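Visitor: I would like to go through the labels attached to this structure. Please give the grounds for each one.

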Amino acid sequence: MNRRASKIFRRGPRPVARPRLVEVAESLEQARGLDRAVGAISMAVRRTLHPGRVKDVLHGVPAGHPAHPPLTDVPVGCWASVAVLDLLPGTRRAAQALVAAGIAGAIPTALTGWADWSALHREQQRVGLVHAMGTSTATLLYTASLVARWRGRQGTGRVLGYAGLTALTAGGYLGGHLAFRQAAGASHADPVAHLVPLGWHDLCPASELPDGWPVHRRLGYIGLFVLRTGDDIHVLTDRCSHLAGPLHQGRVITDDNADICVVCPWHGSTFRVADGSVVHGPATGRQPAFESRVLDNGIVQVRPLG
Ligand code: FES
């Protein structure tokens with residue numbers, strides 16, 4: 001090794017500078033001190049919210065997207081507007097009405113948030129818990145602000161409002177970290193349209209597929225869930241759209257409409273194997289599905305379902 005190379009080797013990689021806020025959020029991901037609270041609250045949420053229609057609505061299954069993110073617009077929009085109105089003369093009643101509207105909007109926002117939070121990975125739950133502490137503090141401060149405004153103590157109401165906005169901003173930052181850095185709420189299914197060329201693709205001999213028992217097969221870069229039931233062969237991408245759980249390890253069931261479904265082994269999302277549609281959350285996004293056919297030589301071919 002020449003002298004220059006050995007110098008480079010001794011230096012090692014340069015530490016990457018990260019924004020301070022990101023460092024704080026990432027340290028929360030590893031904050032094991034939160035785990036007792038996370039465990040207790042998770043259990044309480046699971047005991048309160050049983051799998052079924054209400055929980056699916058809270059997750060956003062009927063809308064096909066998580067319900068929590070758009071609902072946050074209501075309290076954030078109302079309370080940010082209050083911060084502007086409080087700087088202007090003659091806006092007392094309007095500001096008071098918007099504080100109240102924000103508090104009303106915070107209730108469904110919190111319910112949907114807790115439902116989603118209860119089905120996250122532990123690192124996400126740690127960040128999510130602190131995010132919820134920030135937004136709950138904001139709600140309490142705005143409630144106190146509303147009471148102060150009702151009693152005619154406008155100055156106190158404004159100060160409490162700005163304190164609430166500060167807590168909301170901190171909580172909102174962590175919500176952004178949870179959504180965009182930790183990808184809670186985004187679909188984790190493989191992007192089939194970008195990974196699978198158009199047309200039919202050989203998969204495997206049909207004789208390799210056990211009847212009624214899901215197996216894992218690969219098609220290029222992506223893993224597939226493959227289920228043969230009699231003469232039918234159902235194929236979905238294997239990574240669950242919720243948080244990438246392995247669907248081929250899930251349970252196969254029949255739903256109320258007699259459709260065959262697979263239940264994800266991680267958090268119980270249920271998908272129809274015929275087309276990947278969501279029967280029960282927490283997943284809200286359809287599981288990418290494939291058409292299949294068996295050639296005369298017994299080879300199964302698949303192509304993405306449009
Ligand atoms: S990974 Fe959560 S339900 Fe599949």
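Guide: This is a predicted model, and the labels are taken in turn below.

Visitor: What makes the pair W79 and Y142 stacked?

Guide: The ring centres of W79 and Y142 are 4.2 Å apart and the planes meet at 10°. W79 belongs to helix α5 and Y142 to helix α7, 63 residues apart.

Visitor: Why is W79 called buried?

Guide: Its relative accessible area is 1%. Buried means under 20%, so W79 qualifies. Y142 is also at 1% relative accessibility and therefore counts as buried.

Visitor: What kind of aromatic pair do W114 and W117 form?

Guide: The pair is edge-to-face, with 5.2 Å centre to centre and 85° between the planes. W114 and W117 are three residues apart in helix α6, which means a separation of about one helical turn.

Visitor: Why is W114 partly exposed and W117 buried?

Guide: W114 has a relative accessible area of 26%, which lies between 20% and 50%, so W114 is partly exposed. W117 is at 4%, under the 20% limit, and therefore buried.

Visitor: How do you know that the span of helix α8 is close to the expected one?

Guide: Helix α8 has 28 residues and reaches 39 Å from first C-alpha to last, against 40 Å expected at 1.5 Å a residue. Its buried residues include G157, G161 and G164, and what covers the buried residues of α8 includes α2, α5, α6 and α7.

Terms used. Residues numbered from 1 in each chain as written. Predicted model: local features only at pLDDT ≥ 70, side-chain atom pairs only at ≥ 80, totals over all residues. Heavy atoms only, no water. Helix = DSSP H or I, 4+ residues; strand = E, 2+ residues; numbered from the N terminus. Expected span 1.5 Å × (residues − 1). Buried < 20%, exposed > 50% of the residue type's maximum accessible area, 1.4 Å probe, protein only. Contact = heavy atoms within 4.5 Å. Phe/Tyr/Trp six-rings, centres within 6.5 Å; stacked < 30°, edge-to-face > 60°.
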